[in-house]
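User: I would like to learn how to read charged pairs in a structure. Please show me the case at hand.

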Amino acid sequence: MAYKDIINNICNTIHTGLIDFNEPRSEASMPTLASSEFITNKQQGDWAEDVLFRAINDNSENIVAVRYGKSDDLVAGDAGFEKFFNEYQAELDTIGKRPDILLFKKEVFDASLGYDISSKPSNEIGDYVAKAIAGIEVRSSDQCWSIGDVKELPTMFTKETSKKKVSYTCFEGGKIAVNINKLTA
């Protein structure tokens with residue numbers, strides 16, 4: 001089964017109380033200033049992404065990691081940020097968020113496109129992207145635990161904490177990782 005089909009199957013099992021993919025996405029308001037915490041978290045995430053990218057490409061004989069997600073260093077307040085933000089919002093409405101890294105079988109990897117396709121327009125690389133066997137979204141997090149099966153999710157959505165928020169990431173085999181992050185106002 002193609003990666004795209006696997007993701008679509010996972011999306012079809014997500015409870016509509018969490019997200020309804022038939023509803024239009026709420027329009028985001030453009031931030032006007034980047035906090036030092038945001039910039040620090042972005043730098044940590046960029047570092048973690050680079051470590052993972054290099055680890056895969058330096059150690060795998062069968063898999064190639066390719067940078068795919070937006071990698072611009074622009075933050076709110078920088079010159080050109082408004083154009084970047086608006087283009088990014090339009091892309092979210094057409095293809096969704098690009099994972100940071102795509103994984104390709106070595107025999108499918110296109111050396112002419114290279115190891116970084118993050119700045120290439122979606123319409124130029126769509127056929128190539130569809131050949132990926134997985135996408136990885138890298139985040140810097142305070143804590144991470146691996147827990148049970150996806151079937152447990154509906155009961156877990158009701159759990160609340162006063163100082164934390166919970167985010168879920170699905171992995172192959174129905175296992176999930178739960179990242180506990182600080183709440184933001």
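User: How many salt bridges does a search of the whole structure find?

Analyst: A salt bridge is a side-chain nitrogen of Lys or Arg within 4 Å of a carboxyl oxygen of Asp or Glu. Here the search finds four. This is a predicted model, where local features need pLDDT of at least 70, side-chain atom pairs count only at pLDDT 80 or more, and totals for chains, interfaces and linings use all residues. Residues are numbered from 1 along each chain as its sequence is written, and side-chain values use heavy atoms, with hydrogens and water left out.

User: Which residues are linked in a network of salt bridges?

Analyst: The network links Glu49, Asp50, Arg54 and Arg67. Between Arg67 and Asp50, the closest N and O atoms are 2.7 Å apart. Arg67 belongs to strand β1 and Asp50 to helix α2, so this pair ties together parts 17 residues apart in sequence. Helices (H or I, at least four residues) and strands (E, at least two) are DSSP runs, numbered from the N terminus. Arg67 also bridges to Glu49, with closest N and O atoms 3.4 Å apart. Asp50 pairs with Arg54 at 2.9 Å between the closest N and O atoms; both lie in helix α2, four residues apart, about one turn of the helix.

User: Is Arg67 buried or exposed?

Analyst: Buried means under 20% relative accessible area, exposed over 50%, and partly exposed in between (1.4 Å probe, protein chains only). Arg67 counts as buried because its relative accessibility is 17%. Glu49, at 10%, is buried too. Asp50 is partly exposed at 26%, and Arg54 is partly exposed at 42%.
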